[in-house]
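Colleague: I am new to this structure. Please walk me through how to read its features.

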Amino acid sequence: MDSFSSPPPHSGASSQFSTNDIMDQVKTQLEQAYAEQFLETVRDKCFDKCITKPGSSLSGSEGSCISRCVDRYIEATGIISKALFSQR
């Protein structure tokens, strides 16, 4: 029987999750998923744009390109987020 279908424990409220605990857990999971998606998107887009000849190390121009690409992507994401949240 899983934890959702089993009866609640009789040991008191301290062993039960509160709504705030569950909301905090969901928020943490969403933040982690967003961070993973963000990194994957940046990695894919910047790699495709900047790495012309994959090898065992980055050239100076490739490293600079990736750095600028990531900086621009972070800046753009911040601008979009700010615009979305200011409309509320």
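Modeller: Start with the largest nonpolar core, which has six residues in all: Phe38, Val42, Cys46, Cys50, Cys65 and Cys69. A nonpolar core is a set of buried Ala, Val, Leu, Ile, Met, Phe, Trp, Tyr and Cys residues joined through side-chain atoms within 4.5 Å. Buried means under 20% relative accessible area, exposed over 50%, and partly exposed in between, with a 1.4 Å probe and protein chains only.

Colleague: Which elements give two or more residues to this core?

Modeller: Those are H1 and H2. H1 gives the largest share, four residues. A helix is a DSSP run of H or I with at least four residues, a strand a run of E with at least two, numbered from the N terminus. The protein has two helices and zero strands.

Colleague: What should I know about the source of the model?

Modeller: This is a predicted model: local features need pLDDT of at least 70, side-chain atom pairs count only at pLDDT 80 or more, and totals for chains, interfaces and linings use all residues. Residues are numbered from 1 along each chain as its sequence is written, and side-chain values use heavy atoms, with hydrogens and water left out.

Colleague: How many residues does H2 have, and how far does it reach?

Modeller: Helix H2 covers residues 60–86, which is 27 residues. The expected span of a helix is 1.5 Å times one less than its number of residues. From first C-alpha to last, H2 reaches 39 Å, close to the 39 Å expected.

Colleague: Which residues of H2 are buried?

Modeller: Glu62, Cys65, Cys69 and Thr77. Their cover includes helix H1, residues 19–50. Across the 88 residues of the protein, 10% count as buried.

Colleague: How do I read a pair of aromatic rings?

Modeller: Use the distance of the centres and the angle of the planes. Rings of Phe, Tyr and Trp (its six-membered ring) pair if their centres lie within 6.5 Å; planes under 30 degrees apart are stacked, over 60 edge-to-face, the rest tilted. The count here is two aromatic pairs. Phe38 and Tyr73 form a tilted one, 5.3 Å centre to centre with 45° between the planes. Phe38 lies in H1 and Tyr73 in H2, so the pair ties together parts 35 residues apart in sequence. Ring pairs link Tyr34, Phe38 and Tyr73 into a cluster.

Colleague: Is Tyr73 buried, partly exposed or exposed?

Modeller: Tyr73 counts as partly exposed, at 26% relative accessibility. Thr77 in H2 is buried, at 17%.

Colleague: What does Thr77 touch?

Modeller: Contact means heavy atoms within 4.5 Å. Leaving aside neighbours within four places in sequence, Thr77 is in contact with Tyr34 and Phe38.
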